[in-house]
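The sequence and the coordinates go in here before any notes.

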Amino acid sequence: MGAQLRVYRQKIKSAQTTKKITRAMELISASRIQKAQARVAASEPYSTAITRAVSAVASYSNVAHVLTTEPERIDRAAIVIFTSDRGLAGAFNSQVLREAEELTELLKSQGKSVEYFLVGRKSVGYFNFRHRAFERSWIGGTDNPDFDTAKEIADAVLEAFLRDASDGGVDEIHIVYNRFVSRITQVPVVTRLLPLEVVESDEAPPASSTKHEVFPLYEFEPDAETVLDGLLPVYIESRIYNAMLQSSAAKHAATQKAMKSASDNADKLITDYTRLANNARQSEITQQISEIVGGADALSSAK
Amino acid sequence: MASLNVSVVSADQQVWSGEATMVVARTVEGEIGILPGHEPMLAILAGGEVRVTLPGGEKITANAEDGFLSVQANAVQVVASRAELV
């Protein structure tokens, strides 16, 4: 076998092995998307209920709450970045980090200093590599977010928000995450979490609730203020939990897409190299034939 | 007789939903019983049991922690970060 032919065969073999791996990863994330999507759907009643309740309290009482009032001067802002723990997901992590960087630029141009809360190993790696400081990080579990982590993040964020700015607290909090739109599209989303501006859901209200557009006059127990006090942190928790679930569904979708195109590329490589290998084999044969014919010719003419 | 439309919701799923004739829950101010036709209400729950009486007279008990209760037009929602049927 010619040297060239052997090299092509090796390349084909390695592309085939890679393809097997990427195909397997594609199938795994395809099945995980469904699970992640189901979890997003399952958490919907909770977030809808809380959003409705918060809107109800907010629209029927003029209670000023510390979480909803805009501070006079905003000096320090915090960004919560939701990335994944693992890569191989195409632009998933880089697009969210890029959005965060853009937001940082914007905030800095407004004279605010920025602090970070990081979720996911990828963002922590990004910050460590650049020797940049961050306030806190949560690693692990982004594939399968649980509510406890969301609660922990919410607690940390709220604690920072309620602390005085002079004491290392922050005056506003933004979150950056990937929203799962479809299996093909995941959009990075940047929203301001605190102070709360609109307490209305950004999701379409379920069809059954449209007939109660106007909230009835609620009786609050013990009173509107306490209810709001109890509800708002829960609302923040549910927003963060939702961001985590969205991000995990988006991550699986991004992985599936990336692995699909990797498998397709491997297919293309295999076809290309097979052509080249055939070509090399054929030219080897042709050369051998012409050598034999030439040799025979030389022998017969020598007689 | 009108009945209540009850749903018990936790952070990651809907725990239970269905018709009921009465709901008893513990709020921060004490136990409260809700019958059909109750006025709209929002209350903070103290951790503890929520007892739901079904139209057939059977009872369902759920543990709800850290949440609230909303009543509106015979729809009762028990919303808690952690809730489970017992």
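What percentage of the 303 residues of chain A count as buried? I looked this up before anything else, bearing in mind that I am reading a predicted model, and the share of chain A that counts as buried came out at 33%.

**Entry 1: overall form of chain A.** I next checked the radius of gyration, which is 29 Å for chain A, whereas a compact globule of 303 residues would be near 19 Å. The box filled by the C-alpha atoms of chain A, taken along the principal axes, is roughly 120 × 45 × 30 Å. I also looked at contacts with a separation of 6 or more, and in chain A 79% of them are between residues 24 or more positions apart.

**Entry 2: elements of chain A.** I counted 6 helices and 6 strands in chain A, and reading along the sequence I noted the pattern α-α-β-α-β-α-β-α-β-β-β-α.

**Entry 3: the sheet.** In what order do the strands of the open sheet of chain A stand? I wrote down β3-β2-β1-β4-β5, which makes 5 strands with mixed pairing. The edges are taken by β3 (136–138) and β5 (186–194) of chain A, and because each has a single partner strand, one side of each is left without a neighbour in the sheet. From one strand to the next the twist averages 20°.

**Entry 4: strand β1(A) and its two partners.** I then followed β1 (residues 76–82) of chain A, which is mostly covered, with 6 of its 7 residues buried. On one pairing, β1(A) runs parallel to β2 (residues 113–119) of chain A and is joined to that strand by 7 bridges; within this pairing I found Val114(A) as the bridge partner of Ala77(A).

Entry 5: Which sense do β4(A) and β5(A) take when they pair, parallel or antiparallel? I found the antiparallel sense, over 8 bridges, with Val176(A) opposite Val190(A) in β5(A). Helix α6 (residues 224–302) of chain A packs on the sheet, where I traced its contacts to β1, β4 and β5 of chain A, and its direction makes about 35° with that of β4(A).

**Entry 6: where the two chains meet.** How many residues of chain B are in contact with chain A? I listed 23, and they touch 28 residues of chain A. On the side of chain B that touches chain A, at least two residues each come from β1 (4–10), β2 (13–20), β5 (41–53), β6 (59–72) and β7 (75–85) of chain B, and the largest share, 4 residues, comes from β5(B). Sorting that side of chain B by class, I have 11 nonpolar, 9 polar and 3 charged residues.

Terms used. Residues numbered from 1 in each chain as written. Chains lettered and ligands numbered in written order. Predicted model: local features only at pLDDT ≥ 70, side-chain atom pairs only at ≥ 80, totals over all residues. Buried ≥ 20, exposed ≤ 12 C-beta atoms within 10 Å, placed from the backbone. Pairing = 2+ DSSP bridges. Axes fitted to C-alpha atoms, helices over the stretch in contact; angles between N-to-C directions. Contact = placed C-beta atoms within 7 Å. Nonpolar A, V, L, I, M, F, W, Y, C, P; charged D, E, K, R; others polar. Rg over C-alpha atoms; globule rule 2.2 N^0.38 Å.
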